[in-house]
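Student: Please take a close look at one part of this structure for me. I would like the cross-links and the ring contacts explained together.

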Amino acid sequence: MALCQNIGYNTMRMPNLLGHETPAEAVQQSASWLPLLARECHPDARIFLCSLFAPICLDRFISPCRSLCESVRDSCAPIMSCYGYPWPEILRCDQYPADHLMCISSITNTTADTAGRRAPQASCRDCELEEASSSNDLLETFCRSDFVVKLRLTRLKYSPVSLSQFSLAGKLDVLKQGPLLGGQLRSRIELWLERDATCVRNMTRQHPRGGTFLVTGTVQGERLVVNKAFAWQKQDKNLMAAARKWKQYRCRN
């Protein structure tokens, strides 16, 4: 279950707290929540969801506390609404117990956490396909990015276990590699296709069969964050000019 990797235990009770009767059903249903985790809408979103999809195998169910549910809901529901998904009734917070020793409370000190970094904000323009305003602006975007890659996506005919509807076709054309090795960059992009399905869907909205794109972004630990994406079209003179100039371009400090 990709949703619940490395959460500190490896056995779960079935049926789970959402009424799934088999592990296969739980795995299938949990996959739809991976894009939300990719948005990092709340530091405890994973432990909250896993307490429901994959409750730890003890003599009795240990449900999430109401305060944990409310905290995750308040941070994540606005981001879900950007994509047309309301907070589901099956996760209604008043069904969970008030905080006590026999429920799962917040793992993260949210006060200390939000003091150190900005809380996630809902954005309905996550990774939209853009047009290059000028070649110089695009070159500066390259400078600010950890990586710049030209890639070709092809639509999968059938994908029973993967969130991603697209796969990488052919070699990557790497304009800027950043801190990753070549093989690492490809594997991280393949993981991005799987985990950041909302971003990929936005990019390919006008290209349902796939296409060639230029993507830029940052490296954050084990994952890539794509910040900007452009359709690779020869008639886009700004994009073509920036790609040609990049090798000789000197970024400003």
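**Cross-links and rings**

Tutor: Cys-41 is buried, with a relative accessible area of 2%. Keep in mind that the model is predicted. The partner of Cys-41 is Cys-76; a disulfide joins the two, S to S 2.0 Å. Cys-41 lies in the loop between helix 2 (34–38) and helix 3, and Cys-76 lies in helix 4, so the pair ties together parts that are 35 residues apart in sequence. The torsion about their S-S bond is about 85°, so this disulfide is right-handed. Cys-76 counts as buried too, because its relative accessibility is 0%, and the cut-off for buried is under 20%.

Helix 4 holds another bonded cysteine. Cys-69 lies in helix 4 and Cys-93 in the loop between helix 4 and helix 5, so this pair ties together parts that are 24 residues apart in sequence. The sulfur atoms of Cys-69 and Cys-93 are 2.1 Å apart, and the two form a disulfide. The torsion about this S-S bond is -75°, and the link is left-handed. Cys-69 has 0% relative accessibility and counts as buried. Cys-93, at 3%, is buried as well.

Now to helix 3. Cys-50 sits there, while Cys-4 belongs to the segment before helix 1 (23–30). These two cysteines form a disulfide, with their sulfur atoms 2.0 Å apart. The link spans 46 residues of sequence and connects distant parts of the chain. Its S-S torsion is -110°, which goes with a left-handed link. Both Cys-4 and Cys-50 are buried. The total for the model is five disulfides. Not every cysteine is hidden: Cys-57 counts as partly exposed, at 42% relative accessibility.

Helix 3 also brings in the rings. Phe-48 lies in helix 3 (residues 45–53), and Trp-87 lies in the loop between helix 4 (66–82) and helix 5 (110–116), so their pair ties together parts 39 residues apart in sequence. The ring centres are 6.3 Å apart and the planes meet at 20°, so Phe-48 and Trp-87 are stacked. The cut-off for stacked is under 30 degrees. Phe-48 and Trp-87 are both buried. Aromatic pairs come to five in the model.

One more ring is worth a look. The charged end of Arg-13 sits over the ring of Phe-61, 4.2 Å from the ring centre.

Methods. Residues are numbered from 1 along each chain as its sequence is written. This is a predicted model: local features need pLDDT of at least 70, side-chain atom pairs count only at pLDDT 80 or more; totals for chains, interfaces and linings use all residues. Side-chain values use heavy atoms; hydrogens and water are left out. Rings of Phe, Tyr and Trp (its six-membered ring) pair if their centres lie within 6.5 Å; planes under 30 degrees apart count as stacked, over 60 as edge-to-face and the rest as tilted. Helices (H or I, at least four residues) and strands (E, at least two) are DSSP runs, numbered from the N terminus. Buried means under 20% relative accessible area, exposed over 50%, partly exposed in between (1.4 Å probe, protein chains only). A charge sits over a ring if NZ of Lys or CZ of Arg is within 6 Å of the ring centre and within 35 degrees of the ring normal. A disulfide is a pair of cysteine sulfur atoms within 2.5 Å.
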